[in-house]
Each structure stands twice: as structure tokens, then as C-alpha cells.
Amino acid sequence: MKVYFLTTGFGSVPKGLFVRGAGWGKVRFPILSVLIERDHDLVLYDTGIGSRIKEEMHPPICRGNQFFYSKIMRTVFDPRHDALVHQLPRLGFHPSDVTTIIISHLHWDHAGGMRDFSHARFIVSRKEWEFAVQLKGMALFKNAFIKEQFLEAGLDIQLIDMDSSSSRKNVPASRDLLGDGSMLLMELPGHSPGLMGLLLTMPSGRRFLFSADTFYFPEGLERKTPKPALMRAMVHEGPEAEASIEKVYTLMKSEPNLEIVGSHDYRIPGRYELAPTFYT
Ligand SMILES: [Zn+2]
């Protein structure tokens with residue numbers, strides 16, 4: 001098994017916008033997707049920003065998202081080069097080799113590439129899906145969803161319920177995706193109602209927790225600091241967010257070798273190199 005870190009472009013923000021009290025120095029951060037190469041197939045965790053971002057953000061109703069993307073996050077992203085569907089061939093993979101895609105949550109910077117992989121099976125939390133699909137109009141963009149990315153697109157969506165009977169030490173509600181314990185989906189609600197982290201155990205024994213946007217920057221986890229009020233309001237972050245940070249914090253303390261990777265951790269690349277480098 002190999003793990004590759006990929007980013008669909010980079011954003012840059014003053015640190016304090018993403019972590020309460022972190023100062024106003026600027027940091028450049030990834031929009032992370034994780035590619036897991038198994039014996040016979042490829043699994044993705046998140047699709048990042050996709051090749052159709054310009055048309056998706058064109059309707060006037062998306063102006064708020066567009067503003068966030070271009071002016072606040074100051075995203076540098078070239079759809080013809082940085083979309084995963086164009087990155088994979090440069091790594092020697094065909095996009096159709098991706099069989100399963102876990103969507104951590106349906107925000108536009110995580111679900112943006114779904115239509116670029118229309119052959120794949122998508123794993124989405126039922127809670128996330130049912131929340132997102134009932135929203136209409138302005139409520140969608142206020143929650144950072146762009147419906148066209150995941151709905152009305154004929155995609156093969158498998159909705160996942162968490163299984164509380166599968167609880168194990170420090171991982172309360174989860175779902176064993178493959179039945180062998182190697183890929184455990186972990187419920188981390190708050191940033192969005194059905195956010196799912198991925199607890200990956202490699203054959204080497206190395207363990208990663210991909211925690212998406214439970215925290216943005218590492219200081220948010222280490223100090224258990226909620227995101228600034230402005231950020232929380234912007235994406236309608238719910239009150240469960242703090243309990244989810246606590247859950248990840250407890251795991252971090254109980255398992256010092258667990259590598260916890262947020263989707264916008266500014267230490268990537270650095271802590272990890274991006275693909276073609278891989279980890280086993
Ligand atoms: Zn995000």
C-alpha cells in the first residue's frame with residue numbers, strides 16, 4: 001500500500017483567520033487529497049477543487065463562494081493542470097483506475113472534482129448528504145456547498161451510516177470500509193454535519209488519521225482552539241465542532257505515533273512531500 005499527498009492548488013491566508021489568536025502572518029496551505037494505492041485499485045480521500053470550478057462559481061448565487069475562493073483564500077489553481085484528473089496521468093495512473101472515493105464532506109473545495117471521476121463509487125456520510133440536498137438557494141452557498149458538484153450528476157453515491165456497535169478505544173462511531181480494519185471512517189461532525197475522517201492503517205503498521213477540516217492548522221488541534229468566530233459563521237460550523245476536536249486530540253494523546261493530517265495543514269509540503277513522493 002502506498003499513500004500519496006496531492007493538492008489541487010494552494011490558498012494563502014493570514015494565519016489568524018483560520019486559528020483563533022494565531023497572528024496575521026500569511027501562510028500558504030494545500031487543498032489536500034490523499035491517494036491510496038492498493039494491490040488492484042486506487043482509493044481517493046477527497047477530490048479537491050475540480051476542473052469545472054469556473055463554471056460552477058459563475059452563477060450570481062455563488063458570488064460569496066467566488067469571493068472566498070479568489071479574495072480570502074487567494075487560491076492559485078489552474079483547472080487544466082491542477083485538477084486531480086490531470087495530475088493522476090502525470091503520476092502514471094489512469095483516472096479510471098480510481099474505484100472508490102471517500103468524500104470527507106461536501107464543501108466545494110473537497111467535492112469539487114467528483115464529476116471528473118464519474119465512473120467511481122463515492123462514499124458519503126448519510127448525515128452530510130441528507131443535510132446538503134435539502135438546502136436551497138442562498139442556504140447552499142452559505143454552507144459552502146455547490147449542488148452541481150454532487151447532485152443531478154448521475155454519480156454512484158453510497159451513503160454511509162456510522163456503526164456505534166463498532167466502537168473501539170477512542171474511536172466512538174465509525175465504519176470499517178473494507179471489513180479488515182485498514183480503513184476506518186470516523187464521524188467528526190461540526191465543521192459540517194457529516195464530516196468523516198479516515199483512519200488508515202498501512203500493512204507496515206504506520207497509521208494516519210486524515211481529519212479534513214476538523215481543524216485547519218496544527219495549532220488548532222494542539223491548543224484545542226476552535227476556529228475564529230468569523231470563519232465558523234462563514235461555513236455555518238455547528239456546536240459539535242469542539243467535541244470533534246476533542247475526539248481527535250484524545251486520539252493524538254493516546255497514540256503518539258498516529259500521524260494526524262488536516263486537509264489544509266500549511267506544513268504540507270514539508271512535513272510530507274507531495275506526489276510523486278509516496279509513503280508506505
Ligand atoms: Zn476545506
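Trainee: In what sense do strand 7 and strand 8 pair, and over how many bridges?

Mentor: They pair in the antiparallel sense, over 3 bridges. Strand 8 covers residues 183-187. Two strands count as paired if DSSP finds at least two bridges between them.

Trainee: What kind of model is this, and how are residues numbered?

Mentor: It is a predicted model: local features need pLDDT of at least 70, side-chain atom pairs count only at pLDDT 80 or more, and totals for chains, interfaces and linings use all residues. Residues are numbered from 1 along each chain as its sequence is written.

Trainee: Back to the strands. Which residue is the bridge partner of S174 in strand 8?

Mentor: That is M186.

Trainee: How many helices and strands does the chain have?

Mentor: 11 helices and 12 strands. Both are DSSP runs, numbered from the N terminus: helices are H or I with at least four residues, strands are E with at least two.

Trainee: What is the strand order in the sheet of 7 strands?

Mentor: The order is 6-5-4-3-2-1-12 in this open sheet, and the pairing is mixed. Strand 6 and strand 12 (278-279) stand at the edges with a single partner strand each, so one side of each has no neighbour in the sheet.

Trainee: Where does helix 7 pack?

Mentor: On this sheet, touching strand 5 and strand 6. Its direction makes about 85° with that of strand 5. For such angles, axes are lines fitted to C-alpha atoms, for helices over the stretch in contact, and the angles run from 0 to 180 degrees between N-to-C directions.

Trainee: Which residues of helix 7 are buried?

Mentor: K127, E128, W129 and A132, in a helix that spans residues 126-133. Buried means 20 or more other C-beta atoms within 10 Å of a residue's own; exposed means 12 or fewer, partly exposed lies in between, and C-beta atoms are placed from the backbone.

Trainee: Which residues have the most contacts inside the largest nonpolar core?

Mentor: I101, L198 and F210, in a core of 78 residues. A nonpolar core is a set of buried Ala, Val, Leu, Ile, Met, Phe, Trp, Tyr and Cys residues joined through C-beta atoms within 7 Å. Strand 2 (residues 26-37) gives the largest share, 6 residues.

Trainee: What does L198 touch?

Mentor: Y45, I102, M183, L185 and F210, leaving out residues up to four places away in sequence. Contact here means C-beta atoms, placed from the backbone, within 7 Å.

Trainee: New topic. Is L199 buried or exposed?

Mentor: L199 counts as buried because it has 23 C-beta neighbours inside 10 Å. Its place is in strand 9 (residues 196-201). L199 touches V171, L184, M186 and L209, again not counting residues up to four places away in sequence.

Trainee: What is the phi of A212?

Mentor: Near 50°, a positive value in a residue other than glycine. A212 lies in strand 10 (residues 207-212) and is buried, with 26 other C-beta atoms within 10 Å.

Trainee: And R74, where is that found?

Mentor: In the loop between helix 3 (63-72) and helix 4 (79-82). R74 has a positive phi of about 45° although it is not a glycine. R74 is partly exposed, with 13 other C-beta atoms within 10 Å.

Notes:
Contact = placed C-beta atoms within 7 Å.
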